[in-house]
Amino acid sequence: MKAIINGRLLLPNMEGDFRVMEDMALLYDERIERIIDMDEVEAEAGIDEVHDAHGLFVSPGFINVHVHGACGWDVMDAAEEALPAIGRYLARTGVVSWLATTMTAGEDAVHAAFERVRSAMRMTPEGARVLGVHMEGPFISKAYKGAQAEEAIVRADYDWIESFEDVVRIVTLAPEELDGKYTFIDRCRDAGILVSIGHSSADYGTALEVIEKHGVTHITHCFNAMSGLHQRHPGIVGAALDTKANCELIADNIHVDPAAQRILYHAKEGRNIILVTDSMRAAGMGSGVFELGGQEVTVRGTRAELADGTLAGSVLAMNEAVRNFAQTTRAPIERVVEMVTRTPAEELGIYEETGSLEEEKRADLTLFDDELNIAATIVGGHLSYIAAPDALDGEWRNRE
């Protein structure tokens, strides 16, 4: 059993809200064994390793529900190396679990990606654990296609996912394209698949109907690629602000102005917000020319664009998203961390396993400093990333 001492632990209180606790030690193997007072560590039997966190935050591991790619790889790539490589990169950003996000493409290409994710889900993770698929398209609106391929957009058809109910966790769609017939959404809900509104021109009434009457709980990259908030036409953004739907937010300060981020934070009272990266293969690669969904993407600094200037995913890292949102809103770090741990875990139905530091949950941990630099990421009790061999006391090393 291992122990982490001298860290600032983000622990849930009786209501489940996170708080910063010092003078506590976390004991773990593959699961969290105990959380005890620091003065009890020396008397605790069975501890083989003690690691001094030197005042770092010790957090539940981050969960990213919207990732297309990173480090030169994309979820749609056929190469076996793609998903493990993305997972290793994500661990460097504090992520322990992620949803591999597919692009709008033909059925064969999408199903091939599903099969690769299914295989990855069965393997011991080399970095962040693949939880399944976020299917972003092809059931979207051509009017708000963003960087998705228009020629591959089709009407929602459950046959696309019926054989992959064990893999698909979120489906993004445009509800107005269903012409008021929501059988597809109902079947997804019955199968435990979350439906998200995104890439959509739906009006407020349509969005509200599927949220309140058909169990839609999720908004894909809120504000982006959707009908906006107007005083006479509140749109999807209005429905997002007016309900308890969980709102993804790309907090790179490019996709969404900081003022709009603050408005979302206050309107939602700090709840029902899920920070995502929507990162594409250029993440971690620097400036250059890359590809997304068969389209050329130019990255200049932190901005990724198609030739016509359309934003094409991001090169954002999850720890940067947490840092940006905390700075933009001045929200306490414990509340912002909930947006990448507790909230997505609860929505995905995995909060009994991960998403908070509690006894018997998986030892999915992220250690970071006050500037949100990641010091170490631990996935199921195994070290997946460490910033430097001497970042923490003990014999930790990066996983090969």
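This report walks through the sheets, cores, aromatic pairs and a few single residues of a predicted model.

A word on the ground rules. Residues are numbered from 1 along each chain as its sequence is written, and side-chain values use heavy atoms, with hydrogens and water left out. Because the model is predicted, local features need pLDDT of at least 70 and side-chain atom pairs count only at pLDDT 80 or more, while totals for chains, interfaces and linings use all residues.

**Sheet and hairpin**

Let's start with the strands. Helices (H or I, at least four residues) and strands (E, at least two) are DSSP runs, numbered from the N terminus. Two strands pair if DSSP finds at least two bridges between them. Strands of a sheet pair through backbone hydrogen bonds, either parallel or antiparallel.

An open sheet is built from 6 strands in the order β3-β2-β7-β21-β22-β23, with mixed pairing. At its edges stand β3 (18–21) and β23 (382–386); each has a single partner strand, so one side of each is left without a neighbour in the sheet. From one strand to the next, the twist averages 25°, where axes are lines fitted to C-alpha atoms (for helices, over the stretch in contact) and angles run from 0 to 180 degrees between N-to-C directions. Within this sheet, β21 and β22 (residues 374–379) are antiparallel over 4 bridges, and Leu367 sits opposite Ala376 of β22.

Elsewhere, β4 (residues 24–28) pairs with β5 (residues 32–37), antiparallel over 5 bridges. The two are joined by a hairpin through 3 residues, and Tyr28 has Ile32 in β5 as its bridge partner.

**Rings and charges**

A pair of aromatic rings is described by the distance of the centres and the angle of the planes. Here, rings of Phe, Tyr and Trp (its six-membered ring) pair if their centres lie within 6.5 Å; planes under 30 degrees apart count as stacked, over 60 as edge-to-face and the rest as tilted. The whole structure has 7 aromatic pairs, including these two:

| Pair | Centre to centre | Angle between planes | Type |
|---|---|---|---|
| Phe62 and Phe368 | 6.0 Å | 45° | tilted |
| Phe139 and Phe184 | 5.4 Å | 75° | edge-to-face |

Phe62 belongs to strand β8 (residues 62–67) and Phe368 to strand β21 (residues 365–368), so this pair ties together parts that are 306 residues apart in sequence. Both Phe62 and Phe368 are buried; buried means under 20% relative accessible area, exposed over 50%, partly exposed in between (1.4 Å probe, protein chains only).

The other pair also links distant parts of the chain, with Phe139 in the loop between β12 (129–136) and β13 (168–173) and Phe184 in helix α3 (residues 183–190), 45 residues apart. Phe139 is buried at 2% relative accessible area, and Phe184 is buried too, at 7%. Together with Tyr158 and Trp160, Phe139 and Phe184 form one aromatic cluster.

Two rings have a charge over them (NZ of Lys or CZ of Arg within 6 Å of the ring centre and within 35 degrees of the ring normal). Arg8 lies over the face of Phe57, 3.9 Å from the ring centre. Lys361 has its charged end over the ring of Tyr351, 3.4 Å from the centre.

**Inside the fold**

A nonpolar core is a set of buried Ala, Val, Leu, Ile, Met, Phe, Trp, Tyr and Cys residues joined through side-chain atoms within 4.5 Å. The largest has 96 residues, and Trp98, Met135, Ile161, Ile219 and Leu275 touch the most other members. A second, separate core has 20 residues, among them Met24, Ala363, Ala375 and Ala376.

What about helix α1 (residues 82–92): how many of its 11 residues are buried? The count is 8, so α1 is largely enclosed by the rest of the structure. Among those buried residues are Leu83, Ile86, Tyr89 and Leu90. After α1 comes Gly94, with a positive phi near 90°.

Contact means heavy atoms within 4.5 Å. Leaving aside residues up to four places away in sequence, Trp98 touches Leu83, Ile86 and Leu90, among others.

Thr101, in strand β11 (residues 95–102), is buried at 0% relative accessibility. Beyond its neighbours within four places in sequence, its contacts include His66, His68, His134 and Glu136.

Val167, in the loop between β12 and β13, is likewise buried at 0%. Val167 and His134 are 9.0 Å apart, C-alpha to C-alpha, and 33 residues apart in sequence. Not counting residues up to four places away in sequence, Val167 touches Phe114, Val117, Arg118, Met121, Gly132 and Val133.
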